[in-house]
Amino acid sequence: QVQLVESGGGLVQPGGSLRLSCAASGNILSINAMGWYRQAPGKQRELVAAIIRGSSTNYADSVKGRFTISRDNAKNTVFLQMNSLKPEDTAVYYCKAEAMSAAPLRWGDYWGQGIQVSVSS
């Protein structure tokens, strides 16, 4: 199985910054894409940013120029640097990995439990 653990969330004032981390562990043979999603109260979960193993990235229009996704392939870890945060960025942020587990041997999408990010004065 594959486990994802997020860290780095919290409360920040508008205009501030946070850095989220997500570490994948378990019987991992390979990880293709890793990404961050978020879900605000009463809204659907949405893609924030994703990064493919070869470092190709994709961002939601609402975060372009403010958020940066990166990954450390050796440590199976993905990061999300969030700058110029706005109240509308408030949500639970989830990490997702497209990974091949060794037992059972299969590709699958794995999710973290989520971490709260709150932007408020």
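Five salt bridges are found in a search of the whole structure, a salt bridge being a side-chain nitrogen of Lys or Arg within 4 Å of a carboxyl oxygen of Asp or Glu. The structure is a predicted model, in which local features need pLDDT of at least 70 and side-chain atom pairs count only at pLDDT 80 or more, while totals for chains, interfaces and linings use all residues. Residues are numbered from 1 along each chain as its sequence is written, and side-chain values use heavy atoms, with hydrogens and water left out.

Arg38, Glu46, Arg66 and Asp89 are linked in a network of salt bridges. Arginine 38 has a relative accessible area of 7% and is buried, whereas glutamate 46, at 35%, is partly exposed (buried means under 20% relative accessible area, exposed over 50%, partly exposed in between, with a 1.4 Å probe and protein chains only). Aspartate 89 forms a salt bridge with arginine 66, again described by its closest N and O atoms, which are 2.8 Å apart. Aspartate 89 lies in the loop between β8 and β9 (91-102) and arginine 66 in the loop between β6 (57-59) and β7 (67-72), so the pair ties together parts that are 23 residues apart in sequence. Strands (E, at least two residues) are DSSP runs, numbered from the N terminus. Both aspartate 89 and arginine 66 are buried.

A further salt bridge joins aspartate 61 and lysine 64, with 3.1 Å between the closest N and O atoms. Aspartate 61 is exposed, at 65% relative accessibility.

Methods: Helix = DSSP H or I, 4+ residues; strand = E, 2+ residues; numbered from the N terminus.
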